[in-house]
Number of protein chains: 2
Amino acid sequence: MTTQRKTYHHGSLRQALIDAALAIAREDGVDQVTVREAGKRAGVSSGAPFRHFPTKTALMTAVAEEAMRRFRARISVELDKAERLDPLSRFRALGIAYLRWVIDNPTHFEIISMRRAIDFDASETLVGLNEEIRNLMVRMLEDARAAGQLRKADIEGVPLQARALVYGLARMWIDGQFAQWGGAEKAESLMQQSLDDFLALLAK
Amino acid sequence: MTTQRKTYHHGSLRQALIDAALAIAREDGVDQVTVREAGKRAGVSSGAPFRHFPTKTALMTAVAEEAMRRFRARISVELDKAERLDPLSRFRALGIAYLRWVIDNPTHFEIISMRRAIDFDASETLVGLNEEIRNLMVRMLEDARAAGQLRKADIEGVPLQARALVYGLARMWIDGQFAQWGGAEKAESLMQQSLDDFLALLAK
DNA sequence: GATTTATGTAAGTAGTGATTACATAATCTG
DNA sequence: CAGATTATGTAATCACTACTTACATAAATC
């Protein structure tokens with residue numbers, strides 16, 4: 001990286017730092033992200049980043065926001081593809097899009113869910129997008145029930161159950177609990193199977 | 001803490017450091033644990049811990065082992081209480097014991113599942129105890145099937161599903177995703193409900 | 001009782017987040 | 001358009017961290 005700079009001022013240092021942090025996280029892991037290294041990659045001194053982010057937490061929060069936007073965008077794309085399907089199948093598509101993004105971007109998902117290392121609750125973006133994804137999940141389940149796809153009429157606890165299942169699979173991947181069962185492809189098929197099994201339990 | 005010491009040698013510094021680290025984690029959070037502070041609480045200099053643990057990771061691994069032993073012990077106690085119940089109820093007891101321990105010891109569970117910050121795979125204790133808990137889960141599900149308690153005969157994917165659900169609920173608690181729904185009691189009842197809903201889907 | 005070994009101390013290294021005083025470029029204003 | 005103002009960079013520094021090294025002291029062993 002280490003972008004060469006002809007002017008004294010960078011021009012778009014803020015975004016460059018976010019991109020650098022995302023790249024470091026992807027290449028070397030989340031805990032290898034340092035303010036200095038992000039600055040270095042952007043071609044700037046070690047103190048410069050602090051003009052744009054008062055603390056490392058503020059930088060990481062902005063990084064999480066960027067990651068969350070990409071996560072949300074990916075889900076939208078996949079849901080659009082599934083637009084003509086029945087509610088339960090769309091719910092499945094959402095779950096699979098979620099899990100695939102996590103497999104493809106483990107460190108970025110890690111940053112999003114690192115709620116103690118970022119100011120999650122203070123970020124409208126993070127809270128809002130998170131809420132959007134949750135709402136999508138709930139709405140699809142309600143649609144599935146309305147369409148008579150479910151075994152039981154009471155879906156009171158199902159959304160939490162579904163979230164816990166997907167989040168659990170995602171975190172198990174992040175935390176290296178699928179390592180013994182092979183690579184990303186194997187993990188993906190296991191996750192997909194698990195999701196399908198769950199849907200089979202719910203469905204008529 | 002800052003144990004006073006009359007002899008030059010501590011006598012049991014290794015264990016004192018592990019206990020100190022657990023206490024710091026519980027009181028101030030996992031990332032507040034430093035080798036220096038653990039040494040300080042044990043009443044020794046900042047370099048002394050390195051005689052017992054070559055790296056911070058080694059200390060944290062030992063801490064995780066201690067936490068895992070306590071976790072395992074708690075599960076044993078609760079399972080003993082449920083000894084006379086049917087398999088599915090014992091499975092439920094295991095899940096609830098798991099989740100209650102996490103609620104009572106969030107930072108300790110966090111350390112156990114921090115697989116990048118500890119040498120999980122290099123620790124026979126961690127790998128072994130983890131495997132024991134997983135085997136308990138699987139065995140009880142098989143017993144439940146054998147006892148004709150389940151709707152479907154095929155339980156192929158159920159253990160993973162169950163693990164993901166419980167692990168997901170646990171991590172959601174750790175990651176602060178239950179915060180908006182009130183304190184530990186509320187979270188516990190939500191988790192319990194979620195587990196019961198899942199069992200209801202499985203059961204005949 | 002002398003020697004060896006285990007375990008502590010003290011001081012120092014390099015890397016981190018963060019702050020400060022200062023320098024330079026972009027922008028605003030008359 | 002020129003001078004003042006403001007935004008944004010640099011360099012030096014601080015406190016803290018994991019970790020190392022040289023040395024001191026107690027315990028264990030012969």
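**Before you click**

This is a predicted model, so local features need pLDDT of at least 70 and side-chain atom pairs count only at pLDDT 80 or more, while totals for chains, interfaces and linings use all residues. Residues are numbered from 1 along each chain as its sequence is written, chains are lettered from A and ligands numbered from 1 in the order in which they are written, and side-chain values use heavy atoms, with hydrogens and water left out.

**Stop 1: chain A on its own**

You'll find eight helices and zero strands; helices (H or I, at least four residues) and strands (E, at least two) are DSSP runs, numbered from the N terminus. Read along the sequence, the pattern is α-α-α-α-α-α-α-α. The C-alpha atoms of chain A fill a box of roughly 65 × 35 × 30 Å along the principal axes.

**Stop 2: bring in chain B**

**Stop 3: the interface**

How many residues of chain B are in contact with chain A? There are 31, and they touch 31 residues of chain A, where contact means heavy atoms within 4.5 Å. Between them the chains bury about 3,000 Å², 52% of it on carbon and sulfur atoms; buried area is the accessible area (1.4 Å probe) that two parts lose on being put together, summed over both. Colour B:Leu160, B:Gln161 and B:Leu201: in chain B they lose the most area to chain A, together 20% of what that side buries.

**Stop 4: α7 and α8 in chain A**

Select residues 158–174 (α7) and 184–202 (α8) of chain A. These helices pack at an angle of about 165 degrees, their axes 11 Å apart. Axes are lines fitted to C-alpha atoms, for helices over the stretch in contact, and angles run from 0 to 180 degrees between N-to-C directions. The pair α7(A) and α8(A) is therefore roughly antiparallel. Angles under 35 degrees count as roughly parallel, over 145 as roughly antiparallel, 65 to 115 as roughly perpendicular and the rest as oblique. Show side chains along the contact, including A:Leu165, A:Leu169 and A:Trp173 of α7(A) and A:Met191, A:Leu195 and A:Phe198 of α8(A).

**Stop 5: α5 in chain B, from two sides**

Go to α5(B), residues 106–113. On one side is α1(B), residues 13–28, packed at about 115 degrees with the axes 8 Å apart. Here B:Leu22, B:Ala25 and B:Arg26 of α1(B) meet B:Thr107, B:His108 and B:Ile111 of α5(B).

To see the contact, show B:Pro106, B:Phe109, B:Glu110 and B:Ser113 in α5(B) against B:Tyr167, B:Ala170, B:Arg171, B:Trp173 and B:Ile174 in α7(B).
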